[in-house]
Amino acid sequence: MPGNYSARCEPGLVIPVWTPVDNLELIDIVLRGSVYFFLLMYLFIGVSIVSDRFMAAIEVITSKEKELVVRRQGREPQIVVVRVWNETVANLTLMALGSSAPEILLSIIEIWAKNFQAGELGPGTIVGSAAYNLFVIISLCVFVIPEGETRKIKHLRVFFVTATWSIFAYVWLYIILAVSSPGVLEVWEGILTFSFFPATVLTAYVADQRLLIYKYLHKGYRMNKRGVIVQGEAADSGRGTELEIKTRNNGISCEDIDSDSPEAREFEQTRRDYIQTLRELRKQHPTLSLEQLEVMAHEEVLGKGPKSRAFYRVQATRKMVGAGNLSRKISERAQSDLSEVKAELQRAEAESIDIDAVNAMRVFFDPCHYTVMENVGSFEVGVTRAGGDLCQGCTVDYCTEDGSAEAGSDYVSTSGTLIFAPGETRKTIQLSVIDDELFEEDEHFYVRLNNCSQPATLSSPSLATVMILDDDHSGIFGFPERDVEIVESVGQYSLRVVRYSGARGRVTIPYHTEEGTAKPGKQYVDLTGAITFEDNQTEKFITLTIIEEDSYEKDALFYVELGEPQLQGVTADAEMAVIAKHKPPEGRTDEEKITLLGRPRLGEVSRAQVRIKESKEFKNTVDKLVQRANASILLDIAGGYLCFVTSIVGIGLVTAIIGDVASYFGCTLGIKDSVTAVVFVALGTSIPDTFASKVAACQDKYADASVGNVTGSNAVNVFLGIGIAWSIAAIYHACHGRSFEVQPGNLAFSVTLFCTEACFVIIVLLLRRAKNIGGELGGPLVPKYLTSIFLFSLWIFYLVMSTMEAYGVISGF
């Protein structure tokens, strides 16, 4: 029986209308709707893949660096590396463009496809995407923070500015739709809308750099209750006694920090991070050489730095499409606050504000980090001379300074003068470490250069750090890996147990196996026993026996767990430890506390999960490596700009197809474009940002990359997507003597609803900074759940009300 359904859709820009359009059966409508829906989902993945390359290119562009000579009052110039792109400017321009490119291009392409007439799909997608970003993404970010943890926005001034612009953007959109010239968009309104984009970037940059009013505020530095040096405005800077506090861990005073540049202050923070990281790596990898540990420490410090929005967006897209993690090169480029470390690792000719200072003879430590064992005795620290006329001689003084290590008990204090003869480029300083029989925490001290004679000048690094690794601990015991995979055909497998942070004394470790999905006697042999580490022995092995079966096996698990280590024999330290153990903590002497710390104990990984797997061959490894290498090479051509241009063209092409398919999907099922835009298209284009914000919220210690960038992106959506598209259409119609008509309709109602709810979101986020919660994200369980539910309900309410208004259930404007 012939149906009476029709699917009269306006022809799209790229894809033709599916014919016939009249007398369709219900099954035809359902079939066409299903095809359009799955094609739409496929295209969303496609645009995400292209956006992956686009955001990676943006990351390469915005990570460009240059070297500068920073002058410090009363001290030698210091060479530091700074980023060419300001972080705030990069986030609001290229990175906002990258995350919002599909929505912006959809609005522009729709104007062209409709012969410069206003459409509902592009603007609706922009407003719908803004609502999804603000309500759903922030709701998710609040929820995923581990219990008891919080995340705060670091650059609060910038957040205030972008939040204000994001709300103003949609208020302005309502004004030009329904107030200033209802039903008509004037040329000046379109151009002014676009001009708000550079205004947003400029005001955010002013807030970030503390320009204008900020430069008249007196700034000081103080030590907060957690021992962290923080910057304060007028009210905070009146604590004269606090400004005199010396920070023993980094060898500089608060007065030094006050006079130094922000780059120098960040450099000292990086130095402390490096010291802590080296200690942790030593515990995890006790058998590695000191050189390997230092390389790993440099890489890990770089990896701990805050990452850009582009980094998380690319990571999210790659996880969605199964493309693996980013290459190491892109990951390292994503670090924004650790460029000072690179200044020490790659010293080239500096692009300086003082050319004479760069071309002058420079004296510096090379390298500036040294790691030695406590029993090393004596070792050398290198000082290098470079640049300028090396035919002239010069001198430089040096002296040691206490860090956590103290002269006389941990190392031999020394000072003196190095004399560089004409043509000589390297000298060494002889240092000595004092070895003892007592356990101590890993410690460090410094060697400082000063009083460099003319014509040479000191350059960074003029302070070298020496890490002393203690060898008197009885040891921390554990497995080097928590998860171990072995093939069932291995027969016997030697499971390694390591001893780190000391190797003194004879220690016995009990162990036993526990069943999981693998059963003892069927897939492995059950074991109970003990291993004994002799004095200075750092590794032992537990021999596991794996039983191979004839039938095909899935993965099977069992566990090996270590018991509490027992120190064998009687020593003075052991006797003191037994006495101290039975004393209350407040009654123990410092010596007893140190002795207790030196007793053997289990490390973090005392239980290993052993996975028995069937034998499989690796396939297509070379092809995958070649493909990844080719992708990385493309990113670097022309500094990332070629990939940037190519990708945005690709996004435009895919977005044009998305516009056609979304319109056909809506009209086939009788869904209005405004509803299709808000419910389907906005959701599809925002999925990568959702995963990116989730990862950023969990991994970053601040909320800027996950929450702070949402407001800036929402403002850019309007100023670029609406500003460019409607300006073009208004100019086109003005040139033909006509007016560009834009009916307020559903868009004005949707904008008003969004602005109202957005104000509630900003208020909630600010209230969450109170002490009882502590930050925009995470916090105590109940406030976290309530916030997430409230924000998500705002989005549901927005969708329901916008849909009801579109179909006339409720009246709009």
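## Two helices side by side

An axis here is a line fitted to C-alpha atoms, taken for a helix over the stretch in contact, and angles run from 0 to 180 degrees between N-to-C directions. Two packed helices are described by the angle between their axes and the distance between the axes. This is a predicted model. In it, helix α4 covers residues 156–178 and helix α5 covers residues 187–209. The two pack at an angle of about 170°, and their axes are 9 Å apart. Angles over 145 degrees count as roughly antiparallel. Therefore α4 and α5 are roughly antiparallel to each other.

Which residues of α4 meet α5? They are R157, V158, V161, T162, W165, F168, W172 and I176. On the α5 side, the partners are W188, E189, L192, T193, F196, A199, T200, T203, A204, A207 and D208. Sorted by class, this contact of α4 with α5 has twelve nonpolar, four polar and three charged residues.

W172 lies in helix α4. Is W172 buried or exposed? Its relative accessibility is 10%, so W172 counts as buried. Leaving out residues up to four places away in sequence, W172 touches W188, E189, L192, T193 and F196.

W172 also belongs to a cluster of rings. Ring pairs link W172 with W165, F168, F196 and F719. Another residue to look at is V718. W172 and V718 are 546 residues apart in sequence, yet 9.5 Å apart in space, C-alpha to C-alpha.

## Aromatic pairs

A pair of aromatic rings is described by the distance of the centres and the angle of the planes. The whole structure holds 23 aromatic pairs. One of them joins F143 and Y785. This pair is edge-to-face, with 5.3 Å centre to centre and 70° between the planes. F143 sits in helix α3 (residues 121–144), and Y785 sits in helix α20 (residues 781–806). The pair links distant parts of the chain, 642 residues apart. F143 counts as partly exposed at 39% relative accessibility. Y785 counts as partly exposed at 38%.

F159 and F160 form another aromatic pair. Here the rings are tilted: 6.4 Å centre to centre, 45° between the planes. F159 is buried, at 2% relative accessibility. F160 is partly exposed, with a relative accessible area of 38%.

## The disulfide

A disulfide is a covalent bond between the sulfur atoms of two cysteines. How many disulfides does a search of the whole structure find? It finds one. The disulfide joins C9 to C667, with 1.6 Å from S to S. The torsion about the S-S bond of C9 and C667 is about 80°, so the disulfide is right-handed. It links distant parts of the chain, 658 residues apart. C9 is in the segment before α1 (26–62), and C667 is in helix α16 (residues 641–669).

The two ends can be compared by accessibility. C9 has 14% relative accessibility and counts as buried. C667 has 26% and counts as partly exposed.

## Other cysteines

C755 is buried, with a relative accessible area of 8%. C399 is partly exposed, with a relative accessible area of 23%.

Technical notes. Residues are numbered from 1 along each chain as its sequence is written. This is a predicted model: local features need pLDDT of at least 70, side-chain atom pairs count only at pLDDT 80 or more; totals for chains, interfaces and linings use all residues. Side-chain values use heavy atoms; hydrogens and water are left out. Helices (H or I, at least four residues) and strands (E, at least two) are DSSP runs, numbered from the N terminus. Angles under 35 degrees count as roughly parallel, over 145 as roughly antiparallel, 65 to 115 as roughly perpendicular and the rest as oblique. Contact means heavy atoms within 4.5 Å. Ala, Val, Leu, Ile, Met, Phe, Trp, Tyr, Cys and Pro count as nonpolar, Asp, Glu, Lys and Arg as charged, and the others, Gly among them, as polar. A disulfide is a pair of cysteine sulfur atoms within 2.5 Å. Buried means under 20% relative accessible area, exposed over 50%, partly exposed in between (1.4 Å probe, protein chains only). Rings of Phe, Tyr and Trp (its six-membered ring) pair if their centres lie within 6.5 Å; planes under 30 degrees apart count as stacked, over 60 as edge-to-face and the rest as tilted.
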